[in-house]
Amino acid sequence: MADTVLYEVRDGLATITLNRPEAMNALNIAAKVALRDAAEAAAADPAVRAVLLTSAGDRAFCVGQDLKEHVGLLLQDQESGTSATMTTVRDHYNPIVRALTGMKKPVIAAVNGVAAGAGFGFALAADYRIVADTASFNTSFAGVALTADSGVSWTLPRLIGQSRASDLLLFPRTLTAREAYDLGIVNRLVPAADLPAEALKLARELAEGPTVAYAALKASVAYGADRSLDEALDKEDELQTLAGASEDHAIAVRAFLAKEKPKYLGR
């Protein structure tokens with residue numbers, strides 16, 4: 001994969017690192033393709049039991065679309081009479097978000113700095129966000145006369161409600177890490193210096209945990225977000241049956257009775 005995104009799998013944990021710190025991890029075409037390929041590889045690899053999405057540098061998690069490249073591509077479209085530039089949502093952003101939200105394993109986003117536009121969207125697509133106290137968030141889209149993409153129209157209202165989401169989308173502004181925590185966007189807030197170690201600790205804990213149960217939890221939360229109670233209860237029944245038949249559940253019960261720490265196999 002291109003060095004705009006680094007990908008490593010170790011001990012069941014896939015680490016995906018956005019690696020354009022000199023550009024505040026802005027998303028040029030190479031980065032979008034590499035991120036899409038990394039997310040899809042992690043989703044498909046049975047050896048991967050958890051994913052850590054992070055970024056290089058200390059200024060930005062990801063500021064979204066690389067506008068310098070974007071302007072050049074728009075000019076090419078004008079000259080050719082096409083609209084090829086705007087296919088990036090379909091070709092890149094949508095597959096990335098589908099891979100992050102749909103994979104049967106937990107995804108942690110470690111947000112070290114500015115998360116704006118699609119960078120905000122990718123953080124929201126994770127199951128858990130651990131964030132440096134120096135980080136910030138901005139929807140950004142309306143500020144460049146664009147609408148929401150990277151799943152933000154779906155994820156943000158589910159986290160903070162439609163009214164607050166509309167406010168942030170219509171009037172884009174910078175949210176501090178503390179403000180985002182208070183709104184419910186951030187799961188865990190830590191000092192910036194502690195973020196790498198704390199994020200890795202959490203991600204490794206998930207990679208060593210009951211993978212089948214995590215996948216079922218992820219599926220049930222997503223399903224129940226827009227279903228009736230009866231439908232959600234039926235889904236819980238279905239998923240609990242699957243989790244109960246897993247080797248990890250049997251291991252957990254035996255360990256509980258023996259008063260030992262379970263060593264899960266992820267199946």
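Biologist: Given that a crossing is left-handed if the near helix is turned anticlockwise from the far one by less than a right angle, and right-handed if clockwise, which way does α1 pass α3?

Modeller: In this predicted model, with local features needing pLDDT of at least 70, side-chain atom pairs pLDDT 80 or more, and totals for chains, interfaces and linings using all residues, α1 passes α3 in a left-handed crossing. Residues are numbered from 1 along each chain as its sequence is written, and side-chain values use heavy atoms, without hydrogens or water.

Biologist: At what angle do they pack, and how far apart are the axes?

Modeller: Helix α1 (residues 29-44) packs at about 30° to helix α3 (residues 88-102), with their axes 9 Å apart. The two are therefore roughly parallel to each other (angles under 35 degrees).

Biologist: Which residues of α1 and α3 meet?

Modeller: With contact meaning heavy atoms within 4.5 Å, Lys32, Val33, Leu35, Arg36, Ala39, Glu40 and Ala43 of α1 meet α3 residues that include His92, Tyr93, Ile96 and Leu100. The residues of this contact divide into nine nonpolar, two polar and four charged.

Biologist: Switching topic, which helix gives the most to the lining of the largest pocket?

Modeller: That is α9, with five residues. A pocket is an open set of 1 Å grid points where a 1.4 Å probe fits, with protein on both sides within 12 Å along at least five of seven lines, and lining residues have an atom within 4 Å of a point.

Biologist: And which residues lie nearest its centre?

Modeller: Of the 26 residues lining the largest pocket, Ala126, Asp127, Lys218, Val221 and Ala222 lie nearest its centre. Besides α9 (211-224), the elements that each supply at least two lining residues include α3, α4 (118-125) and α8 (195-207).

Technical notes
Axes are lines fitted to C-alpha atoms, for helices over the stretch in contact, and angles run from 0 to 180 degrees between N-to-C directions. Helices (H or I, at least four residues) and strands (E, at least two) are DSSP runs, numbered from the N terminus. Angles under 35 degrees count as roughly parallel, over 145 as roughly antiparallel, 65 to 115 as roughly perpendicular and the rest as oblique. A crossing is left-handed if the near helix is turned anticlockwise from the far one by less than a right angle, and right-handed if clockwise. Ala, Val, Leu, Ile, Met, Phe, Trp, Tyr, Cys and Pro count as nonpolar, Asp, Glu, Lys and Arg as charged, and the others, Gly among them, as polar.
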